[in-house]
Amino acid sequence: MAEGLNISFLWEAFFIALSGVPITLLVTIVALVIALPTGFILALSRFYRIPLLRQIASVYISFVRGTPIIVQIFIIYSSIPLMLDILFKKYNIGINIYEIHPIWYAFIVFSFNTTAILIEVFRSALQSIDQGQYEAAQSIGLTSVQAYRRIIIPQLLVVAMPNLCTATVNLIKATSLGYAFSLQEITLRTKVAANMNYNYIEAYLAIFIVYLLLCSAVEYGFKVYENRLARYQLRMA
Amino acid sequence: MLEVSDVHKSFGENDVLKGVHIQVDKGDVVVILGPSGSGKTTLLRCINFLEKADRGKLALHDTSLPLNTASKKEIHKVRQSVAFVFQNYNLFHHKTALENVTEGLIIGRKVAKKEAEKIGREALTKVGLSDKYDAFPNQLSGGQQQRVGIARAVALSPDIILFDEPTSALDPELVDEVLGVMKNIAEEGTTMIVVTHEMSFAKDVANKVIFMDGGVVVEEGTAEEIFKKPKKERTRQFLRRVLPEEYIYSI
Ligand SMILES: Nc1ncnc2c1ncn2[C@@H]1O[C@H](COP(=O)(O)OP(=O)(O)OP(=O)(O)O)[C@@H](O)[C@H]1O
Ligand SMILES: [Mg+2]
C-alpha cells in the first residue's frame, strides 16, 4: 500500500479478469437455459396446485432460499462425486470422478439455485395475469398450449422482466463463488495472478470493475428488451 | 339450432343452476334477464365450457354432448361455432385491435394471414373502428374496446354469439355505441344470446326474452309477452324494480 497502486498490474489484472468473462457468461447462460423452462413448469405446478410436484417445488424453494449459496456449493461439490463414484463403480464406467471439470459442478449448482428463484418469479408473474386473458383465448378456439404461448407468456414476460433481470445479475455475481471448486472464472483467475506479488488491492479493483461493467451491460440489455416487449403499455401521447 | 337442457351447476354448497333449459333457433336474439346472482353468467360460461357444468346436455346443430364430460376435442369443436363477448372485454393487452381480431382466425382456424387480416379489417369496419386497426387496447375507450371484442367474435363467423353483460362495465355515455353495433349485427341475422340489464335493447331487438331467478328459468316469451303481461309474480316484481317509470305506466 505504501507504494500506492501498481497501475501497470492493475491494467494487467483488468485483462486477466476480462479473460474470465466467457466462463462466467457460459455458466450464467447454461444455468438460465436450464432454469427458465424448469422454473416455469414448476411455477405452473404451484399455480395450478398440482399435487406432489407442487410440494416438491415448495420444499426445494425453501431449501434454496434458506441456505447460503456457498453451503449449497459445498454440499453439491462433496456429495455428487460420492454418488457418481458409487454409480460408476457399479456400472464399471471408467471415468475418474476427480477429473471431472469444475464447470460441470458450476452448471449443476447454479441451475439448481436459479431454478428455485425463477419458480417464485414466474409464480408471482402468473398471478398477475388476469384469468380472463386465458378464457378469451380459449373462447376464440386456442388450445391451452396456444393460449400460453401466444397470450399468457408474452404478457407474463413483461411482468417478470425486472425480476428476471435481478435474478440474472445475482447469478452472474454468484458465479464468483465458483472459486470454491476451482472454477476458472473472473475472481479466481485474477486472485491467482495477484498471489505472485501480493497485489491484492489492484486485483480486487479490477474484479470490481469487470463485474460492474458486466452487470451494467446485462441490466441495460434487459431494459432495452423490456421496453420493446412492453410497447403495448405505452399510452398514445 | 342450439339447445341446452337440464343444466346443473353448484359452487360448493351454492346451487347456482338447478336444471336450466333454453332453446335458440337460427336468427334468434335471445335476451336473458334476471337479478344479480341468478346464474346468468354461469349459464353462458357453461355453454362455452369456460365453466364445467355438473350435469346437462348441449345440442348444437345435429350433435349432442354432455356438458360435464365432453372431451377436449368436442369442446374445441363447440367453440368453433360459439363465440363469447365478455363483460370486461378481455382483449389481449399485448395485441393491436386487428391482431386481437385475427388471432382466432390465424391460430385457432389456420386461416392464412393475409386472408385473416382482410376479414379482421372488415369486422373492425363493421363495428365502426376502421381508424383503429393498430391501436392497442389501452389506447381505446371502454366502448371501443368492447366493439373490438364484438369484432373478434364476429370475425370468426360463429353460428351464435354469447354476450355477458357487454355494456355493464361502460360509462353510461358509451353504452349506446355498443348497443348500436349489437343491434346492427342482430339485424344481419346473427344468432345471439345476450345477458343484459338494458331493457331498451331487450324490448327493441330481442325476439325472445328469458327471465331467470334462483338458478331456473322462471318465464320466457316474446319481449311483448314478458314486459306487457308477465305471468309470474317473480317476473312482475323484477320488472317493477328495473323498468323505467314511464314504461311501467305505459303497461
Ligand atoms: N367461480 C365461482 N366460484 C364460486 N362461486 C361462484 C363462481 N362464479 C359464480 N359464483 C356464484 O354463483 C352465483 C351466480 O353467479 P352468476 O355470476 O352466474 O350470476 P349472474 O346472474 O351473472 O349475476 P350478475 O347479474 O351479478 O352478473 C353467485 O352466487 C356467485 O357468487
Ligand atoms: Mg353476470
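**Ground rules.** I am working with a predicted model, where local features need pLDDT of at least 70, side-chain atom pairs count only at pLDDT 80 or more, and totals for chains, interfaces and linings use all residues. Residues are numbered from 1 along each chain as its sequence is written, chains are lettered from A and ligands numbered from 1 in the order in which they are written, and side-chain values use heavy atoms, with hydrogens and water left out.

**Chain A.** I looked up the elements of chain A and found nine helices and zero strands. Helices here are DSSP runs of H or I with at least four residues, strands are runs of E with at least two, and both are numbered from the N terminus. Along the principal axes, the C-alpha atoms of chain A fill a box of roughly 70 × 65 × 30 Å.

**Where chain A meets chain B.** I next asked how many residues each chain brings to the contact. Chain A brings 22 residues and chain B brings 25 residues, with contact meaning heavy atoms within 4.5 Å. The two chains bury about 2,200 Å² between them, and carbon and sulfur atoms give 54% of that. Buried area is the accessible area (1.4 Å probe) that two parts lose on being put together, summed over both. I noted three residues of chain A here: S139(A), I140(A) and Y232(A) supply 28% of the area that chain A buries against chain B, more than any other three residues.

I then turned to polar links across this interface. Eight residue pairs are in polar contact, both residues at pLDDT 80 or more. A polar contact is a pair of N or O atoms within 3.5 Å; within protein, one must be able to donate a hydrogen and the other to accept it, and residues adjacent in sequence count only if both atoms are side-chain atoms. On the side of chain A that touches chain B, α6(A) has the largest share, with seven residues. That side divides into nine nonpolar, nine polar and four charged residues. In this scheme Ala, Val, Leu, Ile, Met, Phe, Trp, Tyr, Cys and Pro are nonpolar, Asp, Glu, Lys and Arg are charged, and the others, Gly among them, are polar.

**Ligand 1.** Which residues are closest to ligand 1? Of the 13 that surround it, these are S36(B), G37(B), K40(B), T41(B) and T42(B), where a residue counts if one of its heavy atoms lies within 4 Å. An oxygen atom of ligand 1 is 2.6 Å from an N or O atom in the side chain of S36(B), and one is 3.0 Å from a polar backbone atom of G39(B). I also saw that α1(B) gives the most to the shell, with three residues.

**Salt bridges.** The rule is a side-chain nitrogen of Lys or Arg within 4 Å of a carboxyl oxygen of Asp or Glu. R45(B) pairs with E135(A), the closest N and O atoms being 2.8 Å apart. Within chain B, K118(B) pairs with E122(B) at 3.9 Å. These two are separated by about one helical turn because they are four residues apart in helix α4 of chain B.
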